[in-house]
Number of protein chains: 2
Amino acid sequence: MRLIYGALHFRITNSYRSVHRRFQSSMTTQVNKSVHPFDKARLEALLNRRFFYAPAFEIYGGVAGLYDYGPPGSSLQANIIDQWRKHFIVEEGMLELDTTIMTPAPVFETSGHVARFADWMVKDSKTGDVLRADHLVKNVLEARLAGNLEARGVTAAPQDEKDKKKKKKGAKAAAVALEDGIVKEYETILAQLDNFSGPQLGELCRIHNIRNPDTDNEVGEPQQFNLMFTSSIGPTGQHPGYLRPETAQGHFLNFSRLLEYNNGRVPFASAQIGRSFRNEISPRAGLLRVREFTMAEIEHYVDPEDKNHGKFNEVRDVEIVLLDRHVQEAGGSETKKMKVGDAVDQGVIANQTLGYFVARIYQFLIKVGINPERLRFRQHMANEMAHYATDCWDAEIHNSTGWTECVGCADRAAYDLSVHTAKTGHPLIVRQALKEPIVTEKEAVEWNRKNLGKTFKQDAGSIQKTVESMDEAALVKLKSQLAQGSAVITSMDGKEFQLTPDILTIERKVFKQSIREFTPNVIEPSFGLGRILYTLLEHSFWSREQDVERGVLSLPPLVAPTKVLIVPLSARSEFDPLVLEVSTKLRRAGVFSRVDDSNTSIGKRYARNDELGTPYGVTIDFASVQNRTMTLRERDTMDQRIGSIDDVIATVTELVNGTIDWTEACQRLPVYDGVQAVD
Amino acid sequence: MRLIYGALHFRITNSYRSVHRRFQSSMTTQVNKSVHPFDKARLEALLNRRFFYAPAFEIYGGVAGLYDYGPPGSSLQANIIDQWRKHFIVEEGMLELDTTIMTPAPVFETSGHVARFADWMVKDSKTGDVLRADHLVKNVLEARLAGNLEARGVTAAPQDEKDKKKKKKGAKAAAVALEDGIVKEYETILAQLDNFSGPQLGELCRIHNIRNPDTDNEVGEPQQFNLMFTSSIGPTGQHPGYLRPETAQGHFLNFSRLLEYNNGRVPFASAQIGRSFRNEISPRAGLLRVREFTMAEIEHYVDPEDKNHGKFNEVRDVEIVLLDRHVQEAGGSETKKMKVGDAVDQGVIANQTLGYFVARIYQFLIKVGINPERLRFRQHMANEMAHYATDCWDAEIHNSTGWTECVGCADRAAYDLSVHTAKTGHPLIVRQALKEPIVTEKEAVEWNRKNLGKTFKQDAGSIQKTVESMDEAALVKLKSQLAQGSAVITSMDGKEFQLTPDILTIERKVFKQSIREFTPNVIEPSFGLGRILYTLLEHSFWSREQDVERGVLSLPPLVAPTKVLIVPLSARSEFDPLVLEVSTKLRRAGVFSRVDDSNTSIGKRYARNDELGTPYGVTIDFASVQNRTMTLRERDTMDQRIGSIDDVIATVTELVNGTIDWTEACQRLPVYDGVQAVD
């Protein structure tokens, strides 16, 4: 997760606002969604009220970082997963896996997670409360920068004002002006925050007098806290296990089987959607930082000598916003917009395969409804990146807390497959028949072992080692000396020995290699589905111009939990046959609908479904019974059209499938001007 | 899991064989799938070779009870889940949930899992090896019964012979004849096995000299082992947690939110598909007993006073095979075939809602490919059932290990919602506005608290309690005594007190109740998806008549991992455009296909896909390039037809969607009699 602070925040936010308007106005023609500023509290109340998600075990007081998804949240997540599966697994012919969460300890010892999958935590020196060290530094410095602006009388935009107030509450920032040098220093620290080690974070706390904002107490030295949940497998308690913090190891351990399934060929990819667990130190950011989450991971296996991608040309022209490591390492955060093709050609992105996935991630996020103007790809800085990775880009999505990493895309090189191979002795490699065998000529030594042993006894081994470690030139020299009768060599332990042709001969021979063995490199796009879901909800939320209390979630039909709401005028039984007919026909057309026949006005029912993000609604009333007509309502514009039941079903089916848009639907169905107001 | 033993086993198996043939012959006309007897080792080799699933962490030596699903297993599972979602969630308008796996301890303390979710284990008295007590008794007694048959020269069917050999290996059964009384006793024990408590299992081991078959050592007293995996939440280790052993509690804790989402109405159902964990003592039965598994659970909330179901008439005539509790409690296992309607009417199944779900479970299992002749519903015996449940039926599927519980369907009454309400004080209840308020008249007591306290001091409370616990008749009597001046009552602790009208008055009053509050009862269908998947694979497996090594998985197209295999004659680039065209058109038609252009004969590629259960294949060859024709192959019959590329795509799409069958397809497409043999 990256941060936004001070002046930069304002610039980005303002710039976002204007493009956000443009972005939305291209979707609908009449609706101004930006009349009311974004109000996080209002969104959260809506999500809670409509049970998108809620704190798990709420009636037991809840547990930080654990959330349950209710019906609309579950559907939204299922629809995002469905699109993910189509966009990646089906489209790219990936091999899907479903591996276990419970993992015996040796696997994570090998992978490095036991030693290194940790965050730095600090303890309040008096209360013993535990805080995450980097979050502490970030919150306190951001609050001081905000306090500085306040002291200098810089007016923040209303939205930011709210953010600031919230931060102030946590971090108790006083409106104190700071020297320009200090401001610069804080900004540089914040830009590089992900680059600091634990001891460095401790030093920052001492130098800048960073204390626990809740108590104003000093904090101790940062200590590592491993984020994996522990357990033990079997009745004897002898087999320690961990809950996986990512699905990746399950892919790697099955590499040989996957390769065989793929007829021995690379490149190919495995994919997995599943639950992972991280025992976060002190999660307080809603769905953005949780202890249990659904992720979707791809491991794409490539020849380390050829990281080009066969479909790269298809994404060459995709334009993305990049924040590269050099800018960050210099303390900045200026982004640039580039075509993926140019980024790879210019070496900004390390290789085509990495670039291909960056572009495909971009396309996926836009497809499910993320605002492209609030999406950037941030490159990891040198210290931030896992030691084995060669390049790593995070898809960051802007939201009310700043920029949040939602997808990581790393070139993990051969690290994982190599360490598991070394540990288990099971070769996780590719054996490739060479089209043309590689033919090499070199000097080959042949020993007369009998004579060697008889002549040199216990020194025989040392002599053999010495000769066999010689390079080509040395062997040629030795060969010519032997041709002249004898040669003197110096063994590794400094002794001299005289060798003769009855001990060894050296001959030039031809070697033919027809199989190439290599450990593939792995490009890993890794998606945090809960973070995507939450930022999507923020991007989709707005309030009706006429009433700020009337919230709407403009979720794209592709991912909306319910596509069509069926609203009978009342629960009277005379509407039942038509309700059944419409819902059955929609189901057959593959359109998910729900009936709302609750005992309240049609307007209230539509308002409730605006909050649920339902894009279309059809009303069944007395005219429907008499004339077999039905009205069709569009969520964002509240436009209503009318047509025969079958025409409306056909039109809404096309709308949901994305083959027509609302403008086109309006050309097919006349406007509804019935006397009966439904909104 | 239930067992099959001795003579009964043979009867069922033989009876199964004949109906199995009938069942299969109705599907295809020309293929005899029963030429070769079922061979479990051959199936397991196939599933391993094709990576349907494999032991997790295999290269680290594996961990018992943990399995990874490879590409075909993942797809098969995803397709079964997809059908489940359509059959239950969409069809019945259920509310889907996605709740957390990690659960704080208090939840499972309340639910009773901490105290009772345990199996009985025994320890080998010398090696300390741990065995599950009921499995030990079962295995040893079954082996003795098998040894008895062998000693008496009863020849078993080949399939059973193999089973027996396997069992013998584990349980070291000698071919020893048993007295008829002993055989009867063993059979009775086995039929009632699920009914025994831990101490009873210990007594059985002593009486019948049951020892650890691996070592022949005695075993100790059965001890309870809790099956929940433990962990701890947060950095301080202060919050113990468990991995859920079922998804159900996540439903119950959210009941109030779900009810509100459903506009306050019952009946309704919540549904959840997700991972659960059970730390099994010694899992050795492949996918049938695992430590981590995907389950699908429904919690259907009903008015305890009305367990009828609105759609019960739709399933009235569904015929199912039942094994009721009375038969089992008498030591038998005779089943009877009944219509669900009759079973409910005759009180065999407790109520309509339970009966409705039993029928829907039956329909679902048949739809995904379970052989109806190997499916029965077994009722829980009195001791076996959770103490709170009122009735429970397991859908058991017959397989090479006997009858295995794959779905449970229980009426859990109001237990869960009540205990969480009592613990948290959060009322998990339904409040229903009564159409007609209930008007009752009764005697109401009014105290003069001042006089009461003054007169009776410390006895006041006891007197109040005594009077207020009186029934209507007692109150009427007291009232008439008071009307005469005074009354003497005896308090609960035996003291006598004289009451007068200045202490209390009793008057007949009218009470009006317009809201009814009740805790709904819960009907819970709970599906073990891995068990369904494995038994489906057994039911689908057979070998070609001409070659026992050529295995086929006759998975229904609905759930088959890949629907259509695209086979270009070779990987030559001239076929590429057609391969792309066909795969794109199939994808647009919603049909999942895979291309196999590996460097081997078409026959071998088809054989590999027979093992993967791919129902249809199309071949692209030179004729396709010249004439735009394509052949279509059906997996079971190996029939090949030919037609234009578009006709074949249209036909295979209908085949996959189930709108036509192969017979009809053959009427549309002529037989392929090309010179080029493809099988």
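The model is predicted: local features require pLDDT of at least 70, side-chain atom pairs count only at pLDDT 80 or more, and totals for chains, interfaces and linings use all residues. Residues are numbered from 1 along each chain as its sequence is written, chains are lettered from A and ligands numbered from 1 in the order in which they are written, and side-chain values use heavy atoms, with hydrogens and water left out.

**Stop 1: the interface**

Display chain A and chain B together. Contact, meaning heavy atoms within 4.5 Å, involves 79 residues of chain B and 79 residues of chain A. Between them the two chains bury about 6,500 Å², of which 59% lies on carbon and sulfur atoms. Buried area here is the accessible area (1.4 Å probe) that two parts lose on being put together, summed over both. Select Ile59(B), Tyr60(B) and Arg257(B): in chain B these lose the most area to chain A, together 13% of what that side buries.

Next, turn to the polar pairs. The rule finds 38 residue pairs in polar contact across this interface, both residues at pLDDT 80 or more. A polar contact is a pair of N or O atoms within 3.5 Å; within protein, one must be able to donate a hydrogen and the other to accept it, and residues adjacent in sequence count only if both atoms are side-chain atoms. Helix α3 (residues 71–92) of chain B gives the most to the side of chain B that touches chain A, with six residues. Helices (H or I, at least four residues) and strands (E, at least two) are DSSP runs, numbered from the N terminus. That side of chain B has 36 nonpolar, 23 polar and 20 charged residues; Ala, Val, Leu, Ile, Met, Phe, Trp, Tyr, Cys and Pro count as nonpolar, Asp, Glu, Lys and Arg as charged, and the others, Gly among them, as polar.

Eight salt bridges are also found across the interface, each a side-chain nitrogen of Lys or Arg within 4 Å of a carboxyl oxygen of Asp or Glu. To inspect a salt bridge, select Asp597(A) and Arg265(B), whose side chains meet at 3.1 Å, N to O.

**Stop 2: the three-stranded sheet of chain A**

Select β6, β5 and β7 of chain A, which form an open antiparallel sheet in that order. Two strands pair if DSSP finds at least two bridges between them. The edge strands, β6 (130–132) and β7 (223–226), each pair on one side only. Neighbouring strands are turned by 50 degrees against each other on average, direction ignored.

Strand β5 (residues 118–123) pairs with β6(A) over three bridges, and Lys123(A) has Val130(A) as its bridge partner. Axes are lines fitted to C-alpha atoms, for helices over the stretch in contact, and angles run from 0 to 180 degrees between N-to-C directions.

**Stop 3: a hairpin and a helix of chain B**

Select β27 (residues 629–634) and β28 (residues 640–644) of chain B, antiparallel strands joined by five bridges. Thr629(B) stands opposite Ser644(B). Five residues lie between the strands, and Met638(B) takes a positive phi near 60 degrees.

Finally, select Thr421(B) in helix α16 (residues 415–424) of chain B. The side chain of Thr421(B) reaches the backbone nitrogen of Leu428(B) at 3.0 Å.
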